[in-house]
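Open the model in your viewer and keep the selection tool at hand. This tour goes stop by stop.

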Amino acid sequence: MRAARYRRRAVGVVSALVLAVCGPLAASSAAQAQSPARAQPLSQVPTGTVATPAAAKGKHSVVTWGASADRQGAGPADRSYRLIVRTSVGGTNMRIRLSNVFGDHPVTFARAYAGLQKQGAELVPGSNHALSFGGAASVTVPAGETVLSDPLPGKLAAQSNLVISLYVTGAQGPTTGHGMAMQTNYATAGNHAAEEGAANWTDPMGSWYWLDAVDVETSTAVSSVVTLGDSITDGWASTTDENRRWPDYLSRRLQAASGSTVKGVANEGISGNKVLADGAGEAALNRLQRDVLSQPGVSTVFLFEGVNDIKAHSGVTVDDMIAGYQQIIDRAHAAGKCVVGATVMPFKGWYEYDAASEAVRQGVNDWIRNSGALDAVTDFDKITRSPYDPQLILPFFDGGDHLHPNDKGMQAMADAVDLGRLASCRPLSQPAANG
C-alpha cells in the first residue's frame with residue numbers, strides 16, 4: 001500500500017500578514033460567500049480529525065468537497081489551472097489539499113487563489129484571494145506527498161461554486177488528478193491565477209488536477225459522509241456542469257433537512273474502480289485511507305461499489321466480494337466511522353453481462369441486505385430495477401448503456417437514502433452511550 005508514499009506533508013499556520021490582508025469572500029447571487037481553515041499535520045492527529053484551538057470552542061474541520069486522486073498524464077511545466085468545485089457543507093477558514101501522490105517528481109505550486117464562479121472561467125469580482133502555505137505564497141510538494149493550505153479567513157457558504165486557481169511550475173512526468181470531473185475546468189499557459197476575468201483561460205478541460213479535497217471549519221455537531229464508489233458515483237451519464245451526480249442530489253437533500261447534523265458530502269468515486277483490484281484508480285481497499293479515512297469531520301462511509309469486479313469475468317466470487325467489503329467495514333469501524341452499504345444495481349444489456357456475473361451480483365446483494373455487517377443499507381437495486389425484468393435498469397432511469405443512470409436515476413438514488421438513519425447511524429462496534 002506504499003504507506004510511506006502517502007505520508008501527509010505538514011504545513012504551518014497562516015501568517016499575520018495574510019490574516020490582515022485577506023478579507024471574507026463576498027457572495028453574489030450566483031455563488032454565495034466563502035473562505036479557508038487552519039493547517040495541521042495530518043500525521044500528528046487521529047485519522048479523520050483535526051485537533052486545532054477551535055476544537056476547544058466547539059469547532060472542527062469538516063470536508064466539504066473531495067475527488068479521488070489517480071495517476072494522470074504528463075503536465076506542462078508552466079501552466080495555470082482553474083478548477084471549479086461545488087461545496088456541500090458551509091463554514092469558515094477554508095483549506096485546500098493539493099496532492100502529488102502519483103507524481104514521480106516534485107511539483108511547485110507557485111501561486112494559489114480561491115474565488116467564486118460567476119460563469120465559465122469568470123469569477124465574481126473581488127472574490128479571488130491568495131492562499132498561502134506555511135505563510136508563503138508558494139509550496140513545493142515532493143513526489144508521493146500532499147500539502148494543506150493555510151486557512152483563508154471568512155465564510156464559505158454551502159452549495160457554492162468555489163474556484164481554485166493554481167499556477168504550477170516544474171511539473172514533470174505523471175500528474176495527480178481526477179480524470180472524469182463532469183465539470184468544465186480551464187487551463188492556460190503562464191501565470192494567470194490572480195485574474196478574475198476569463199479572457200486568458202482559453203483551454204477547457206474535463207478533469208481536476210492536483211486538488212483533491214477542500215475543508216471548512218464548523219460546529220463539532222456537524223459531520224460529512226464520504227461516498228466510496230465507481231463511475232456511477234463519479235457521475236458518468238449525468239449532465240456535465242450541473243452537479244447531478246447522486247452524491248450532489250444527496251448533498252442538496254442534507255442541506256434542506258432541518259433535523260440532520262450530517263451536512264457535508266465528499267464524492268470519492270472513480271470511473272471503472274473496483275473493490276479488490278487496482279486498475280482504474282487503486283482498488284477501494286488500497287485507497288480507503290487516503291480518499292476516505294484521512295478526510296476531516298467524517299462520520300459515515302457510504303459504500304457503493306462492486307459492479308466492476310463482478311462484470312470483469314476475472315473469477316471473483318461472492319465470498320471474495322464479501323471479504324473485501326468486510327475489510328472496508330472493519331477498517332472504517334476501527335476509525336470510528338459508520339458504514340452504510342448499497343446494493344449493486346442491475347446491468348443487463350451492458351456488453352459484459354451474463355448469467356454468471358448476475359449470479360454473483362444476486363449473492364452479493366443478498367449479503368448486503370441480510371448479513372447485518374453494515375450499520376445501514378440503501379437498496380439501490382430495488383429502487384432502479386425494472387418491475388418487468390429485475391435484471392434490467394428501469395428504462396426511465398437508464399443513461400443509455402444499461403449500466404449508468406441518467407439524471408432522473410441519480411436523483412432517485414439520492415432520494416432513496418434514509419436521512420434519518422444517516423444522521424443517527426452509529427458503528428455497530430460503538431453502542432449508544434445510554435444503551
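Buried here means under 20% relative accessible area. Keep that cut-off in mind, and remember that the model is predicted.

Select Arg 290 to begin. Its relative accessible area is 2%, so Arg 290 is buried.

Next, select Glu 358, Arg 361, Arg 369, Asp 379, Asp 381 and Arg 385 together. Salt bridges with shared partners link these residues into one network.

How many salt bridges are there by this rule? The count is 18.

Go to Asp 215 and Arg 95. A salt bridge joins them, with the closest N and O atoms 3.1 Å apart. Asp 215 sits in strand 17 (residues 211-219) and Arg 95 in strand 5 (residues 91-99), so the pair ties together parts 120 residues apart in sequence. Asp 215 is buried at 4%. Arg 95 is buried at 1%.

Move to Arg 244 and Glu 242. Their side chains meet in a salt bridge, 4.0 Å from N to O. Are these two buried or partly exposed? Arg 244 is partly exposed at 31%, and Glu 242 is partly exposed at 41%.

Last stop: Thr 233, in helix 2 (residues 231-234). Its relative accessibility is 0%, so Thr 233 counts as buried. Show its contacts beyond four places in sequence; among them are Arg 245, Trp 246, Asn 267 and Phe 304. Then pick Glu 305. Thr 233 and Glu 305 are 72 residues apart in sequence, and their C-alpha atoms are 8.7 Å apart in space.

How values were computed:
Residues are numbered from 1 along each chain as its sequence is written. This is a predicted model: local features need pLDDT of at least 70, side-chain atom pairs count only at pLDDT 80 or more; totals for chains, interfaces and linings use all residues. Side-chain values use heavy atoms; hydrogens and water are left out. Helices (H or I, at least four residues) and strands (E, at least two) are DSSP runs, numbered from the N terminus. Buried means under 20% relative accessible area, exposed over 50%, partly exposed in between (1.4 Å probe, protein chains only). Contact means heavy atoms within 4.5 Å.
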